[in-house]
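Dear colleague,

Please find the structure handed over to you below. My notes on what was found in it follow.

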Amino acid sequence: MRVPWRRSLVVRLFLAVAAIVLLAVAATTWATVNATSVALSEDRRDSLHADARAYDELLEHAATHRSWRGAARLVAELSEEIGGPVTVTDLEGQVLADSERRTGVRDPADARATLDALDVDAVLRDTLRSTLPPEDDVVAVPAECASGTACRLSVVPASGLIDGRVRGPFAAGGDVAAWRDLERRIDRCLDAAGLPDAVAVREDFAVLVPFDRAAPTVARCADQSRRAVLTPYVAPPALLFVGDEAAPPEVLWDLSRDSQVRVGLLAGGVLAATLLLCALLAGSVVRPLRRMTATAQRAGDGDLSARVSEGRRDEVGVLAAAFNRMAARREADHDARVRLTSDVSHELRTPLANVRGWLEAAQDGLVETDRALVDSLHDETVLLQRLVDDLRDLAVGDAGGLVLNREVLDLDAFLAMVARSFRPAAEAGGVTLFVTAEPDATAYADPVRLRQAVGNLVANALQHTPSGGTVRVHGAPDSVAVADTGHGIPADDLPHVFDRFRRVDPSRNRATGGSGLGLAIVRQIIDAHGGAVRLDSKSGTGTTAVVTLPAAR
């Protein structure tokens with residue numbers, strides 16, 4: 001029996017294992033990705049903060065010094081603070097200051113930031129400021145114009161500059177000429193853009209204008225003018241390198257302790273879930289096999305009624321059904337063997353007892369040893385011989401030893417030959433025997449074995465048909481039917497008529513009921529041919545036996 005793939009144990013095991021693997025992989029991947037993302041985010045935040053710290057300190061130096069010659073000490077302090085090498089190079093990559101006192105050229109593409117006191121990196125500045133107390137940025141304040149008329153002054157703050165650090169010539173009292181130069185540069189830029197002159201420039205380099213439009217243009221003019229004036233007073237632009245390019249990369253699992261704990265807990269949870277699913281899967285497979293093993297042990301110990309549950313519809317269920325069929329067949333064979341032993345013992349004991357009794361009586365002189373006694377003893381030995389031959393035929397058939405020599409038989413001639421051998425018995429019993437056959441009816445069979453089977457059916461019909469009745473034998477292509485007008489077979493007995501030593505009327509003896517092996521031999525012979533035999537009967541109306549044989553190939 002083939003199990004549909006939807007119920008197959010193989011498919012279920014594959015899907016279960018696939019689900020377990022998928023769950024384990026998905027959970028482990030999710031845990032690893034999340035833990036790694038958290039760790040990388042923390043590392044990135046720490047790295048960005050360290051970069052911002054170094055950037056801010058070195059930008060302070062650039063804003064208050066005209067060169068990088070004195071930055072070595074500051075670079076060494078920053079390296080110790082952030083726990084990694086710090087290097088400052090010019091825009092071409094030539095080392096200007098290195099915490100490890102290295103010289104040479106660094107690749108500008110590896111730089112973390114550009115150190116320009118007049119062009120501040122907003123990202124690094126914002127990163128650093130995010131850790132400091134917030135400050136209020138003044139964007140616009142009301143004020144009185146110099147002419148005394150009421151107006152609103154717009155304040156355009158200086159962009160790209162660390163407020164209050166780059167003072168240059170304006171520090172410590174200021175340089176009026178330089179300040180005026182800055183104002184004139186701003187006004188010329190605004191005039192070129194078609195805008196009114198600025199009202200003033202504050203000490204933080206924010207520009208006050210009597211209008212609230214074109215803020216980007218004002219900021220651009222202020223930045224260009226400030227850069228032109230302040231460039232000689234600050235260190236030249238430089239590149240900042242934080243970290244060592246030769247340092248080995250961090251491995252994926254070099255995570256923080258918290259990340260390691262998270263990964264460990266999640267991995268443990270995945271392992272526990274996987275083990276649980278595997279245990280449930282193993283239990284679903286092993287439990288029915290254990291029950292089947294226990295049942296098989298009971299059957300081996302002699303309990304032939306032991307059976308297993310057939311509730312499942314997969315391979316285990318098919319195995320259970322096959323086991324139950326085997327157990328039922330074994331129980332039936334055991335019962336048949338017991339009955340066979342009993343029946344054979346009974347059938348042999350009766351004629352042997354008769355033969356022994358007559359012989360002992362003859363020895364004792366109680367009966368005369370005449371022709372009648374010899375004929376009686378001969379009849380008993382014939383019955384014994386027939387019984388032994390029938391048992392031998394059944395034993396050979398059970399062992400698969402029936403050898404068939406098949407040929408195409410003309411059923412008309414074949415059935416006529418069978419009828420000739422039974423006509424004396426039919427006439428003696430007052431039964432009319434008819435034999436008919438359809439034109440050109442043939443059968444592909446062993447003539448000796450088929451004659452034995454049909455002969456048993458005819459003999460059985462004659463025995464059960466009273467005087468004045470009829471027995472009809474009809475041949476059709478690949479089939480033979482034997483019908484009688486006898487007593488018929490009760491419905492309760494009909495399913496058992498092919499059982500060995502089965503007699504419909506148990507009160508009959510051998511003389512009237514035969515040995516009970518005739519129909520069993522018929523079925524065995526026809527089964528060996530690959531055909532079928534059936535009996536249709538009603539009590540009191542007669543019986544019809546139909547033998548069907550496979551067509552010749």
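**The disulfide**

In this predicted model, C189 and C221 form a disulfide, with their sulfur atoms 2.0 Å apart. The structure holds 1 disulfide. A disulfide is a covalent bond between the sulfur atoms of two cysteines. Here C189 belongs to helix α4 (residues 176-192) and C221 to helix α5 (residues 215-230), so the bond ties together parts that are 32 residues apart in sequence. The torsion about the S-S bond of C189 and C221 is about -70°, and the disulfide is therefore left-handed.

An open sheet is formed by 4 strands in the order β2-β1-β8-β3, with antiparallel pairing.

Strand β3 is joined to β8 (residues 238-242) by 3 bridges, and the two run antiparallel. Within this pairing, L115 stands opposite A238 in β8.

Helix α2 (residues 72-82) packs on the sheet, where α2 touches β1 (86-89), β2 and β8. The direction of α2 makes about 145° with that of β1.

Yours sincerely

Key: Residues are numbered from 1 along each chain as its sequence is written. This is a predicted model: local features need pLDDT of at least 70, side-chain atom pairs count only at pLDDT 80 or more; totals for chains, interfaces and linings use all residues. Side-chain values use heavy atoms; hydrogens and water are left out. Two strands pair if DSSP finds at least two bridges between them. Contact means heavy atoms within 4.5 Å. Axes are lines fitted to C-alpha atoms, for helices over the stretch in contact, and angles run from 0 to 180 degrees between N-to-C directions. A disulfide is a pair of cysteine sulfur atoms within 2.5 Å.
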